[in-house]
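Here is a friendly note to read alongside the model. Take your time with each point, and keep the 3D view open as you go.

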Amino acid sequence: MKKVLIPTKLDAVARETLNANGSYEVVQDDSQELATLASQHSDTYALIVRSEKVTAEIIDAMPTLKVIIRAGAGYNTIDIKHARSKGVDVMNTPGANANAVAEEVVALMLADARHVVAADASTRAGKWEKKNFMGKEVTGKTIGIVGFGAIGQLVAKRLSGFDVKILAYDPFLSDERARDLGAESVELTDIFAKCDYVSLHMPENDDTRGIINKSLIARMKNGATIINCARAGILNENDLRELKADKGLRFLNDVYPKDEAADQTVTDIADIMLPHLGASTVEANFNAAKRSATQLIGYDEKGIASYVVNRDVPMGLDRAYSELAYALAHTCRGIAGGNKQMKLIETSFYGDLARFGDWLLVQIVAALSDDFDRTQGYDAALEYLKEMGVEYFNRETDTSKGYGNAITVDVTTSVDAAHFKRVSVRGTVAEGNMMISRINDFDKLYFEPSGTAVLFIYKDRPGVIGQIGHTLAEAGINIDDMRNPHDPSGVDSLALMRITGKADCDVVEKIAQQIEALHASCISY
Ligand SMILES: NC(=O)C1=CN([C@@H]2O[C@H](COP(=O)(O)OP(=O)(O)OC[C@H]3O[C@@H](n4cnc5c(N)ncnc54)[C@H](O)[C@@H]3O)[C@@H](O)[C@H]2O)C=CC1
Ligand SMILES: O=C(O)C(=O)COP(=O)(O)O
């Protein structure tokens, strides 16, 4: 049984769904600190949280932890890099609480437009301040949405009944897509210059922290409103403080640097403050809980990792090596012939790369198969290979070879029922560039796998390179770079060339016949 720890007020449907599956022992307890629960349940396999802070210490307190699920959208509260370094996948449940936040935005807009909060307090106090509470209408206004994802799009949809004009800014939004969703895609500066309401709906991360600053706020129309139901960190609150009174801006807020009782720093500038209530509806809590449980089951039973958000390069590994692993396997595949039946994959990870072998295997399997994508994990890669009937063997590496940080990928494919062909490619990264250093017995290549490469193996004799160059030239193809070593016996030669333009199979085939090649292939990187 896999232990699942739920240290939060999450709908019981998560627990019920996992219990019904039969593979999980669920501990749900929101009465104690997460740190206490983590040390009590150090054998936890999966942790399901809402906004609870999951620090490196908490992750380390559960050495068997494999997956953290954020029942919600924003995962800035989880140390995803530390999780990655410990082989822990982090997932969120995108969209599960989006409608709740969209409705909260509409609630804040209307409440502020009609002074609902202050007028309620005043009337309860026995006053009759009808004249003081002159309101305004949302209908017909221009609304700017920054971050046009699940929530941003639903804000636009829910507000459409008010006949508003929606301007949206999102770096991943095309004009067509915006139009389809009832919005106009504009630059960030235009949102601030043109809108009566600006609602923030992007995640907080290194790119967005403090992005809503003085230069943007200064562009706002007098009397316009900023709504922040995303994360406190994306808005520079001192910049807003500086400009707010002069411009008569309104500020409606749901989010704070820390989710806890305190004298909040924005109290002086916020016109309405809620205690991070965006996702706090019965429906959103149910949706996020249900999704957490079903995503965990899908992850465990089918290797579905599409919700994993931290499959980035692990700490300590240069991203170039993950590209190298992919490029080497892609080269093997190109030489072996893409549609051959794979039987065996062997790898060697030299130097510091030895400890990242599991992670690098994912890149290798993804390069060797169109059906396996690079965002999946090591377990999913092994499972996939097993399903495909492919054996995998990672060799112990011999540091005395002096290869530094290098990778070898060998792929054995079946040529017919009884015969196998093995392609072996080794490579490294030098001065930030990927290099193929060996293909089968052809050593010291130092060839950069990029663009389009053609490769011919032939019985060594004079004049062959001239013939290849001539036929390529006839087809309008130039040679950018070239290696031409002999094998150790001196009998065979390899011509490995990077060419301009696209690969042309007919030309490669023609050359192969002209030079009586033992092997010819063409690889696009
Ligand atoms: N107040 C609350 O209770 C809740 C707050 N949230 C916050 O809202 C955020 C958005 O949630 P969803 O819409 O569900 O996520 P989402 O991932 O569907 O949408 C986020 C959008 O922001 C865009 N984006 C990324 N960088 C950007 C940038 N620099 N400028 C503008 N847009 C950028 C992305 O392309 C994406 O379309 C979450 O990350 C979370 O921090 C989410 C749920 C509840
Ligand atoms: O999903 C999100 O990003 C949220 O901010 C919701 O947080 P909560 O689950 O209500 O603590």
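Which residues in H14 meet which residues in H15? The second point below gives the reply.

1. **Before you start.** This is a predicted model, in which local features need pLDDT of at least 70 and side-chain atom pairs count only at pLDDT 80 or more, while totals for chains, interfaces and linings use all residues. Residues are numbered from 1 along each chain as its sequence is written, and chains are lettered from A and ligands numbered from 1 in the order in which they are written.

2. **H14 and H15.** Asp358, Trp359, Leu361, Val362 and Val365 of H14 meet Tyr378, Ala381, Tyr384 and Leu385 of H15. Being in contact here means that the C-beta atoms of two residues, placed from the backbone, lie within 7 Å. Sorted by class, this contact has eight nonpolar residues, no polar ones and one charged residue. For the classes, Ala, Val, Leu, Ile, Met, Phe, Trp, Tyr, Cys and Pro count as nonpolar, Asp, Glu, Lys and Arg as charged, and the others, Gly among them, as polar.

3. **How H14 and H15 cross.** The axes of H14 (residues 357-368) and H15 (residues 378-387) come within 8 Å and cross at roughly 50°, which makes H14 oblique to H15. Helices are DSSP runs (H or I, at least four residues; strands are E, at least two), numbered from the N terminus. Axes are lines fitted to C-alpha atoms, for helices over the stretch in contact, and angles run from 0 to 180 degrees between N-to-C directions. Angles under 35 degrees count as roughly parallel, over 145 as roughly antiparallel, 65 to 115 as roughly perpendicular, and the rest as oblique. The crossing of H14 and H15 is left-handed; that is, the near helix is turned anticlockwise from the far one by less than a right angle, whereas clockwise would be right-handed.

4. **H1 and H12.** Helix H1 (residues 13-21) and helix H12 (residues 282-302) have axes that come within 7 Å and cross at roughly 25°, so the two are roughly parallel. Their crossing is right-handed. Among the residues that meet are Val13, Leu18 and Asn21 in H1 and Phe286, Lys290 and Ile297 in H12. The contact has eight nonpolar, four polar and one charged residues.

5. **H16 and H17.** About 150° is the packing angle of helix H16 (residues 464-474) and helix H17 (residues 505-514), and their axes are 10 Å apart. That makes H16 roughly antiparallel to H17. Gln467, Ile468, Thr471 and Leu472 of H16 make the contact with Val507, Lys510, Ile511 and Gln514 of H17. These residues divide into four nonpolar, three polar and one charged.

6. **Domains.** The protein is divided into domain 1 (2-95 + 282-302), domain 2 (98-273) and domain 3 (319-524), with bounds that come from an automatic or database domain assignment. Taken over C-alpha atoms, the centres of domain 1 and domain 2 are separated by 31 Å. Seven residues of domain 1 are in contact with nine residues of domain 2.

7. **Ligand 1.** Where does ligand 1 lie? Domain 1 and domain 2 both give residues to its shell, so ligand 1 lies between them. Of the 33 residues around ligand 1, Gly74, Gly147, Gly149, Pro203 and Gly278 come nearest. A residue is near a molecule or strand if its C-beta atom, placed from the backbone, lies within 6 Å of it. H7 gives the largest share of this shell, three residues. By class, the shell has 17 nonpolar, 11 polar and five charged residues.

8. **Ligand 2.** Around ligand 2 you will find Arg50, Ser51, Gly72, Ala73, Gly74, Asn97, Gly278, Ala279 and Ser280. They comprise two nonpolar, six polar and one charged residues.
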